[in-house]
Amino acid sequence: MPSVATNGTNGTNGTKGLPDFQFFNIIDGKRRTSKDHHQVTDPRTEEPLWDAPIASTKDLDDAVEAANRAFKTWKNSTTAERQKAVHDVANVILENVDILTEAQMKETGKSRPMSRFDVERAAWHFEYYRTVALEDELQYEDDTIRIIATHAPIGVLGAISPWNFPLILSTVKVVSALATGNCVIIKPSPFTPYSLLKFCELAQSVLPPGVFQALNGGADLGEQMTLHAGIHHISFTGTIAVGQRILRNCAGTLKKVILELAGNNACIVCDDVDLDKVVPQVATGALFHAGQVCVASKRLYIHESIYDRFLERLIEESKKFAVDDDESVSFGPLSNKANYDRAVGIVEDCKRNGYKIVTGGEVKPREKGFWIPPTIVVRPPEDALVVREEQFAPIVPVMSWAEEDDVIARANIDNAGLGASVYTPDLDRAQKIARQLESGTVWINQFERPHHAGFFGGWKLSGFGGELGKQGLLHYCHTQSLQIAK
Ligand code: NAD
């Protein structure tokens, strides 16, 4: 994470023509201005966006104090009260779709329809938990004892988010915390602070002060959150290296930690697929949002017997994700210069090593904006950078396989614990392969898209703990065992 450059200005817009929005940290139910600000660079135009306030150490201390105060009451709220609250928050999102869409599309470079879809999906998270909650469970009973498992909130959650889906990936943390009786202080990525700060500001109208707060800042603020004694658990989504650092920092106060980290996800295509159906799915899995999706297909393994035909079709399909198409709904620029520079490094590494690039490969296809065209790399070796590390960009290595055991072993590298996909019309075969893949979710015959009802989390270097589904709530609670003598 780059440091946050401050410009000291307050309440101004970077570029003419931007909607007249202002952004604040939200502490104890109120908007708070800041001495220091920064401006995000629009990834399409490279023009500066609005001022975003940078929270100080005092802001963090005040937010922690307010959250602990609010927790005393919020932890005793009933499930029904919390379900009403999350429903109210869903309505706030839906009533403000336009403003949230505008803020998010500018900060991420997404198209308006895609950004709008993300905002609406964030509301679905809240709606889902309107009816889903953890109940007490009878564990055991005999003549002498009755044992009940109950679920207690942990306290104040420090939530730390990445930039690729700023609202979806933040709201899942916020709703999980609220639905289980925790209070939450969330820090957006400084690359995408606007939609989350605005969402938190708007949500104050339906929540008690201190229950949901937002502070903008960079690694240093995140670091302070992980070290703060008044924060009791951390839910982090981001890179493996930062996750490892967070885990070390949390050891000091023994915080409970959820780590949703990168996934170098394998996509396995069997020999019996219908290419008409499968190639568009695989292309979307790899290229949607220019590959900046944690569960995107980052390594394609195509059965040797269909490899050439598949590749030919994939090249054609990838042209639908074009850099010169400003109307494209699902493809855009890389969301920030840091990720663009990283992706350029991967393309250059492919060229330096003589890997065959059959389409794409230009790193500056447009004068303005952080664009990289869909870039397909044919049969790079397994130890190539483009295979070993997640690209988080539209750079797609396509390998071949012949034996199931071999492709499963190649899929199961340490940083591939988040997701995987398998394509074959033979569902027994698909499940047999899926159950041997060491990743939190396996999508069968569909590109990777988390569903609010399905638990989502990583294994191995992709992290632990998780969110979504009823099971996700368990990670935001202590399980308390009530052992009642008869
Ligand atoms: P990142 O790790 O650079 O930053 C994530 C967040 O951590 C940001 O808010 C950042 O300011 C903060 N941070 C940075 N250093 C910190 C520190 N020392 N202590 C505390 N906080 C700190 O990740 P990113 O570039 O924003 O996001 C992209 C990464 O996230 C990719 O690797 C992607 O695969 C991963 N991701 C994972 C999931 C998932 O659900 N597993 C979802 C989306 C993205």
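**The ligand shell and selected residues of the model**

The shell around the ligand is made up of 17 nonpolar, eight polar and five charged residues, where Ala, Val, Leu, Ile, Met, Phe, Trp, Tyr, Cys and Pro count as nonpolar, Asp, Glu, Lys and Arg as charged, and the others, Gly among them, as polar. The model is predicted, with local features needing pLDDT of at least 70 and side-chain atom pairs pLDDT 80 or more, while totals for chains, interfaces and linings use all residues. Numbering runs from 1 along each chain as its sequence is written, and side-chain values use heavy atoms, with hydrogens and water left out.

Of the 30 residues around the ligand, those that come nearest are S161, E223, T239, L261 and E390; a residue is near a molecule or strand if one of its heavy atoms lies within 4 Å of it. A polar backbone atom of S161 is 2.7 Å from an oxygen atom of the ligand. For T239, an N or O atom in the side chain is 2.6 Å from an oxygen atom of the ligand. A nitrogen atom of the ligand, in turn, lies 3.4 Å from a backbone N or O atom of E260. The protein buries 94% of the 850 Å² that the ligand exposes when taken alone, with accessible areas from the Shrake-Rupley method with a 1.4 Å probe; for residues, only the protein chains shown count as cover.

Two or more residues of the shell come from each of helix 7 (219-227), strand 10 (233-237) and helix 8 (240-251). Helices (H or I, at least four residues) and strands (E, at least two) are DSSP runs, numbered from the N terminus. Because domain 1 (4-261 + 463-481) and domain 2 (266-451) both give residues to the shell, the ligand lies between them; the domain bounds come from an automatic or database domain assignment.

Between helix 7 and strand 10 runs a loop that contains A229. This alanine is exposed, at 63% relative accessible area, on a scale where buried means under 20%, exposed over 50% and partly exposed in between (1.4 Å probe, protein chains only). Although A229 and L259 are 30 residues apart along the chain, their C-alpha atoms are separated by 19 Å.

Turning to the cysteines, the structure holds zero disulfides (pairs of cysteine sulfur atoms within 2.5 Å). For C270, the nearest cysteine sulfur is that of C267, 9.7 Å away. C270 is buried, at 0% relative accessible area, and C294 also counts as buried, at 17%.

T375 belongs to strand 15 (residues 375-378) and is buried, with a relative accessible area of 0%. Its side chain reaches the backbone oxygen of P373 at 2.7 Å.

Most residues other than glycine have a negative phi. H289 has a positive phi, near 50°, and sits in the loop between helix 9 (275-287) and strand 13 (299-303), where H289 counts as buried at 3% relative accessibility. N445 also has a positive phi, near 60°. The loop that holds N445 lies between strand 18 (441-444) and strand 19 (463-464), and N445 counts as partly exposed, at 31% relative accessibility.

How values were computed:
Polar contact = N/O pair within 3.5 Å; in protein donor to acceptor, adjacent residues only side chain to side chain.
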